[in-house]
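This report describes the architecture of a single chain and a few of its local features. The sequence and structure are shown first.

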Amino acid sequence: VFCPLRAAAGTRAASPRGHPRARRAAAAMGSACAGGAARAGELELRHSGGSGMSSNLSSPQFSDIDLVVAVTQRSVNATMLQYLHEIGQTAPEVIRCYVFESFGSSTILEIDHQTLVKNAHGSDPFNVKDGANQSDPDVTNLGYALFVGAFRARGGLPNIPPNELPELVALGIHSDSPVTFTLTSSEF
């Protein structure tokens, strides 16, 4: 993933490889800057050394780019795993409920959870007992409230071993390739 940074209006754009801070950063990074892929969690600084052979950044359309930051899929996934682990149970709960617009209608509308419970005479779809049938008062009340479905979810990591988690972010091969994000939740 490349994130071009452009100079602010009215400032003089300098070549990253010619800028003293960029030279110091490159020296500090040592071999990571000279070549090879970054290891997980490392920032990798690269410059073309004046050659545009390995990228298209020498194209005139990119002449005002001051710095390009590259990240690896591995480092993005490590950061996402850490973030999702840290939010744990503090992530907000998301509740969505749906009802038919009217009797006989196939149009489905979203409705606030509290409004649904009120319209269903106190019956909450999340409290319906497993195995309840049409004769259950909660099922009947929700039916009269035109209830279609509902879900609750909380962001975070599911309670499965980390080595069984899929890649959360899958970067494409090219800069214009789609990025795939796997949404996970600690509760659903």
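## Overall composition

Of the 188 residues in the chain, 20% count as buried, where buried denotes a relative accessible area under 20%, exposed over 50%, and partly exposed the range in between (1.4 Å probe, protein chains only). The model is predicted, so local features need pLDDT of at least 70 and side-chain atom pairs count only at pLDDT 80 or more, whereas totals for chains, interfaces and linings use all residues. Residues are numbered from 1 along each chain as its sequence is written, and side-chain values use heavy atoms, with hydrogens and water left out.

The secondary structure comprises 5 helices and 8 strands, arranged along the sequence as β-α-α-β-α-β-β-α-α-β-β-β-β. These elements are DSSP runs numbered from the N terminus: helices (H or I) have at least four residues and strands (E) at least two. Among the contacts with a separation of 6 or more, 60% come from residues 24 or more positions apart; a contact means heavy atoms within 4.5 Å.

## The four-stranded sheet

Four strands form an open sheet in the order E4-E3-E5-E8, with antiparallel pairing. Its edges are strand E4 (108-111) and strand E8 (185-187), each of which pairs on one side only. On average, neighbouring strands of this sheet are turned by 40° against each other, direction ignored; the axes are lines fitted to C-alpha atoms.

Two strands are taken to pair if DSSP finds at least two bridges between them. E5 and E8 pair in the antiparallel sense over 2 bridges, and Gly155 stands opposite Ser185 in E8.

## The loop between H4 and H5

The loop between helix H4 (113-119) and helix H5 (137-144) contains His121, and Asp124 is placed in the loop between H4 and H5 as well. His121 counts as exposed because its relative accessibility is 66%. Its phi is positive, about 55°, although His121 is not a glycine. Most residues other than glycine have a negative phi.

Asp124, by contrast, is buried yet has no salt bridge, and the nearest side chain of opposite charge, Arg152, is 5.8 Å away. A salt bridge requires a side-chain nitrogen of Lys or Arg within 4 Å of a carboxyl oxygen of Asp or Glu; for charge, Lys and Arg count as positive and Asp and Glu as negative, while His and the chain ends are not counted. The Asp124 side chain does make a polar contact of 3.2 Å with the side chain of His113. Such a contact is a pair of N or O atoms within 3.5 Å; within protein, one must be able to donate a hydrogen and the other to accept it, and residues adjacent in sequence count only if both atoms are side-chain atoms. Beyond its neighbours within four places in sequence, Asp124 is in contact with His113, Val117 and Leu142.

H5 is followed by Leu146, whose phi is positive, near 65°. Leu146 lies in the loop between H5 and strand E5 (147-155) and is buried because its relative accessible area is 14%.

## Asn77 in helix H3

Asn77 is found in helix H3 (residues 73-87) and counts as buried because its relative accessibility is 5%. The side chains of Asn77 and Glu167 are joined by a polar contact of 2.7 Å. Leaving aside neighbours within four places in sequence, Asn77 is in contact with Glu167, Leu168 and Val169.

Technical notes. Axes fitted to C-alpha atoms, helices over the stretch in contact; angles between N-to-C directions.
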